[in-house]
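Hi there,

Here is the structure I promised to pass along. Have a look at it first, and my notes on its pockets follow below.

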Amino acid sequence: MAQNKVQLSVDIYQNKVRDSKMYGKWYGKAVRNATLNTRGLAAHIAQHGSVFTIDVVEGVLRKLSSCIPELVGQGVAVKVDGLGTFYPTLRNKKGGAESVEEYDVESQVDGVRMRYLPDGAQLDNITSRAFKEKCMLQTRYVQESTGTGKTRVVKLTPVADYIREHQQPQP
């Protein structure tokens, strides 16, 4: 049985950070075409042959998005079968405390993070390598950027055109 793969576009960029060990190396970056809000996701789910209306699906998603952070904030890891597990971790301040007596949670903990670990069950495996197998990767553009922050400008050139423009002349 053939498996339908979803197409994921990849743009290529070059590391331009001069003091980086990887300066000049080329990397891929997944293209994010859009961001669906809760209502959009509910509509998408409802279109997949669900017996539930968009409003019902959206209600469940909204409750899920409030309950997961609540539970994780209480130290409860939440596993959504087929999706993955959400769990808490701490971001500690650099240096740490010199002793257990000097440790103060309010001053030593910089932040609390909610982490996500994809489901690795064989049938629902969405770990990074397994998820790659479900995608059809296709290079799209070379990204060249100038400036930073609000002055950052990104130029997109089709990969074949970029290669053609930057080929070394043959002697």
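A quick word on terms before the findings: helices here are DSSP runs of H or I with at least four residues, numbered from the N terminus. Please also keep in mind that this is a predicted model.

Let me start with the largest pocket, which holds about 250 Å³ of space. Which element gives the largest share of its lining? That is helix 2, with five residues. Helix 2 spans 54-73, and helix 1, at 38-46, likewise supplies at least two lining residues. Sorted by class, the lining has eight nonpolar residues, three polar ones and one charged one.

Now for the second largest pocket, with a volume of about 210 Å³. Its lining includes Y13, Q14, N15 and K16, together with W26 and K29. Q143, E144 and S145 also line this pocket, as do R152, V154 and Y162. Here strands are the contributors of two or more residues: strand 1 (6-14), strand 2 (26-30) and strand 6 (135-146). Strand 6 gives the most, with three residues. What is the split by class in this lining? There are four nonpolar, four polar and four charged residues.

Best wishes

Notes: Residues numbered from 1 in each chain as written. Predicted model: local features only at pLDDT ≥ 70, side-chain atom pairs only at ≥ 80, totals over all residues. Heavy atoms only, no water. 1 Å grid on protein atoms, 1.4 Å probe; cavity = no way out; pocket = protein on both sides within 12 Å on 5 of 7 lines; lining within 4 Å. Points joined across faces, edges and corners; volume = space filled by probe spheres on them. Nonpolar A, V, L, I, M, F, W, Y, C, P; charged D, E, K, R; others polar.
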